[in-house]
Amino acid sequence: MTTDGRLALVTGVTGYIGAQLVPRLLADGWRVRVLTRDAGRLRDEPWVDDVEIVVGDAQDRAVLDEATLGVDAAWFLIHSMSGARDYAARDREIAGSFGASCSANGVSRIVYLGGLYPDHAKLSPHLVSRRQVGDILLDSGVPTAVLQAGIVVGVGSVSYDLLRTMAEALPALVAPDWIDHLVQPISIEDVLHYLVAAADLPPDVSRAFDIGGPDALSYRDLLHVYAEEAGLRRRPIVTVPVLLPRTTALAAGIVAPVPTSLVSALVASLAHDMVCRENDITDHLPEPPERRLTFREAVVRALESPDEPGDGPADLEDVRTVDTALPADELWRGVEAIGGTAGAYPFAPLWWVRGTVDRLLGGPGFAMGREDGALGRGDVVDFWTVDRVVPGRSVRLRPRMKIPGRTLVDLTVEPIGAGSRLVIRTSFRPRGAIGIVYWYGFLPGHVVLFQRWAQQLANGAAV
């Protein structure tokens with residue numbers, strides 16, 4: 001961790017925005033402190049060793065006072081989108097304590113990411129809560145920038161993942177009439193640009209700013225644009241005059257494994273046009289280096305993202321685990337040997353059959369082996385490509401075979417007392433209805449194969 005530069009405090013670092021804001025601040029020369037209730041959830045983040053971690057509940061004023069001590073700027077990214085009846089009251093309480101703690105410790109700037117909302121309209125409880133939190137922070141006495149955004153386009157954003165899943169999983173869509181309301185999405189790159197830049201606003205600037213991309217489109221058009229860029233057939237969309245938000249949320253939850261409470265909050269927020277009422281941010285901060293991305297450009301960036309999928313709530317998952325008496329470093333040596341001399345698979349004939357089918361479909365097929373040695377990003381391991389390696393901890397594999405969906409396989413070693421655990425987690429984001437059929441059709445065999453694979457890797461490490 002560097003010792004020069006200003007000190008930033010980032011909350012909500014286990015969330016989509018916070019986890020990406022931290023490396024941006026580090027790259028800009030900030031020293032970064034993060035506040036989290038569970039440090040264990042950060043251990044796979046590539047920046048975890050470069051930040052100071054304060055562990056505790058943001059509802060505890062003593063924890064906040066520890067976290068804000070000596071801080072130059074603080075980012076408040078705590079949002080409760082749960083079905084609990086008291087979530088809004090909880091967020092208001094935390095925001096009040098956070099602002100008071102920042103004021104007491106001389107923090108020079110608070111930056112908060114809220115939501116776009118229309119004037120003169122009855123807002124959803126979710127949007128009311130977002131606006132109230134922003135107002136509380138603005139009243140704290142600390143110069144505050146409240147950035148108000150609508151749909152954030154990027155892999156892992158709940159609103160984007162829901163839109164993508166609806167476009168990919170459904171051959172046709174029956175939707176309420178809000179699907180023709182205008183929304184003004186913004187790319188994750190542009191959101192991060194403004195979040196970082198807002199720390200340098202003059203002290204006399206303490207206000208809310210609407211931020212959005214350059215185009216305002218209907219939700220219907222968003223679905224069509226995504227389908228075009230993802231290479232999908234254009235989805236027929238039929239609107240009906242009455243479809244309650246709760247009914248819409250339940251239907252969407254069947255298609256996308258996103259909690260109904262989250263979907264309900266998002267659907268209720270689409271009852272009105274969600275567009276920027278002003279563009280004053282340009283009077284105070286520079287535009288992004290590449291200008292703000294259009295929705296189509298942001299979708300292309302997201303589809304090309306190396307992190308896709310595996311980090312968003314719209315993935316289907318299967319998790320296999322094996323506990324061993326081996327120390328974690330010994331188990332890791334077995335995992336790191338995959339594809340080399342010790343890289344055999346259980347039920348090898350089935351893998352060969354799958355590889356043959358892939359070759360018939362125009363894919364690379366199944367080519368066993370690699371040179372022994374440490375794994376590195378980009379290495380080819382049998383029919384996998386290594387996507388990411390955290391030495392001693394985890395390796396992420398991306399299949400080279402043709403599959404009707406985006407797939408990642410994470411092999412993770414976790415220390416458990418004197419022993420260790422091997423976890424194989426498969427994340428799958430289906431492409432269209434055939435992707436869903438593929439996942440559930442192969443799932444029973446997949447469960448057996450990957451459980452046996454985990455056991456075989458553990459046994460190989462013990463040799």
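**Cavities.** On a 1 Å grid over the protein atoms alone, a cavity is a set of points where a 1.4 Å probe fits but cannot get out. Grid points are joined across faces, edges and corners, and a volume is the space filled by probe spheres set on the points. The largest cavity has about 60 Å³ of space. I noted its lining residues (those with an atom within 4 Å of a point): Met166, Ala167, Leu170, Leu173, Leu223, His224, Ala227, Arg235 and Ile237. Two elements give two or more residues to this lining, helix H5 (158–169) and helix H7 (219–229). H7 provides the largest share, three residues. Helices (H or I, at least four residues) and strands (E, at least two) are DSSP runs, numbered from the N terminus. I sorted the lining by class and got seven nonpolar, one polar and one charged residues. Here Ala, Val, Leu, Ile, Met, Phe, Trp, Tyr, Cys and Pro count as nonpolar, Asp, Glu, Lys and Arg as charged, and the others, Gly among them, as polar.

**Numbering and limits.** I count residues from 1 along each chain as its sequence is written, and side-chain values use heavy atoms, with hydrogens and water left out. In this predicted model, local features need pLDDT of at least 70 and side-chain atom pairs count only at pLDDT 80 or more, while totals for chains, interfaces and linings use all residues.

**Second largest pocket.** A pocket is an open set of points with protein on both sides within 12 Å along at least five of seven lines. I found 21 residues lining it, with Arg354, Tyr438, Phe442, His446 and Phe450 nearest its centre. Helix H12 (348–360), strand E18 (405–416), strand E19 (419–430) and helix H13 (432–462) each give two or more residues to the lining. H13 gives the largest share, eight residues. By class, I noted 16 nonpolar, four polar and one charged residues.

**Helices H3 and H4.** I then looked at how H3 (residues 87–104) packs on H4 (residues 125–138): the angle is about 15 degrees and the axes are 9 Å apart. Axes are lines fitted to C-alpha atoms, for helices over the stretch in contact, and angles run from 0 to 180 degrees between N-to-C directions. The angle therefore makes H3 roughly parallel to H4 (under 35 degrees). The contact (heavy atoms within 4.5 Å) includes Tyr87 and Asp91 of H3 and Pro125 and His126 of H4. I counted eight nonpolar, five polar and two charged residues in this contact.

Methods: Parallel < 35°, antiparallel > 145°, perpendicular 65-115°, else oblique.
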